[in-house]
Amino acid sequence: MAKEQGEKVVATNRRARHDYLIEDTYEAGIVLSGTEVKSLRQGRASLVDGYAFVDAGEAWLDAVHIPEYTEGTWNNHAPRRKRKLLLHKQEIVKISHKTQAGGYTIVPLKIYFTDGRAKVEIAVAKGKREYDKRQTLRERTATREAQAAISARKHLGE
């Protein structure tokens, strides 16, 4: 059987980029049970309420919903359980110092498979204020309108 190639995205947290200012991103492995991997391979996961934290020198992912595997038996996994993240010690220390300094949190951005291995992209982020969110939306609308004007002009032949 050939090994999987490339990246297959299972779930993304689009809300995180809206609610948080992303500072640093890290790729981490996840410790999963067999039925969790099978459920992820079916493309079923939700990062909506998920967050990560550092406890006693270990990184953990919590409140990420991976539904039970439909073909599973009595030994199915719990949908919302703490899952250990696999990071280098230096990365854990760096993340821990940032979050302990205050104002920062660890947010999962996406779960994906890279060459057959489940990974999660986490970010050290700072919460946006309401006016920051409005400013971001305003900038996005302005660039969209500018691009529409440029493309309309190209279509007219001017």
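**Close-up views of a predicted model**

**View 1. The residue just after helix α2.** In this predicted model, G43, which lies just after α2, adopts a positive phi of about 85°.

**View 2. The buried face of helix α2.** Helix α2 spans residues 34-41, and its buried residues are T35, E36, S39 and L40. Viewed down the axis of α2, these buried residues fall within an arc of 140°, so they line one face of the helix. An α-helix has 3.6 residues a turn, so residues three or four places apart point the same way. The buried residues of α2 pack against β1, β5 (83-86) and β6.

**View 3. The largest nonpolar core.** This core comprises 24 residues, of which L85, L87, I95, I111, V120 and I122 touch the most other members. Two or more residues each are given to this core by β1 (7-12), β2 (20-30), β4 (58-62), α3 (89-101), β6 (104-114) and β7 (117-127). Another core, of 5 residues, lies apart from the largest one and includes A16, V107, A123 and A125. In soluble globular proteins, nonpolar side chains tend to be buried together.

**View 4. The surroundings of I111.** Leaving aside residues up to four places away in sequence, I111 touches V9, V10, A11, L40, L47, V64, K119 and V120. Among these contacts of I111 is L40, one of the buried residues of α2.

**View 5. T143 in helix α4.** T143 is found in α4, a helix of residues 130-156. The relative accessibility of T143 is 47%, so this residue counts as partly exposed. Its side chain reaches the backbone oxygen of R140 at 2.9 Å.

Conventions
Residues are numbered from 1 along each chain as its sequence is written. This is a predicted model: local features need pLDDT of at least 70, side-chain atom pairs count only at pLDDT 80 or more; totals for chains, interfaces and linings use all residues. Side-chain values use heavy atoms; hydrogens and water are left out. A nonpolar core is a set of buried Ala, Val, Leu, Ile, Met, Phe, Trp, Tyr and Cys residues joined through side-chain atoms within 4.5 Å. Buried means under 20% relative accessible area, exposed over 50%, partly exposed in between (1.4 Å probe, protein chains only). Helices (H or I, at least four residues) and strands (E, at least two) are DSSP runs, numbered from the N terminus. Contact means heavy atoms within 4.5 Å. The arc is that of the directions from the helix axis to the C-beta atoms. A polar contact is a pair of N or O atoms within 3.5 Å; within protein, one must be able to donate a hydrogen and the other to accept it, and residues adjacent in sequence count only if both atoms are side-chain atoms.
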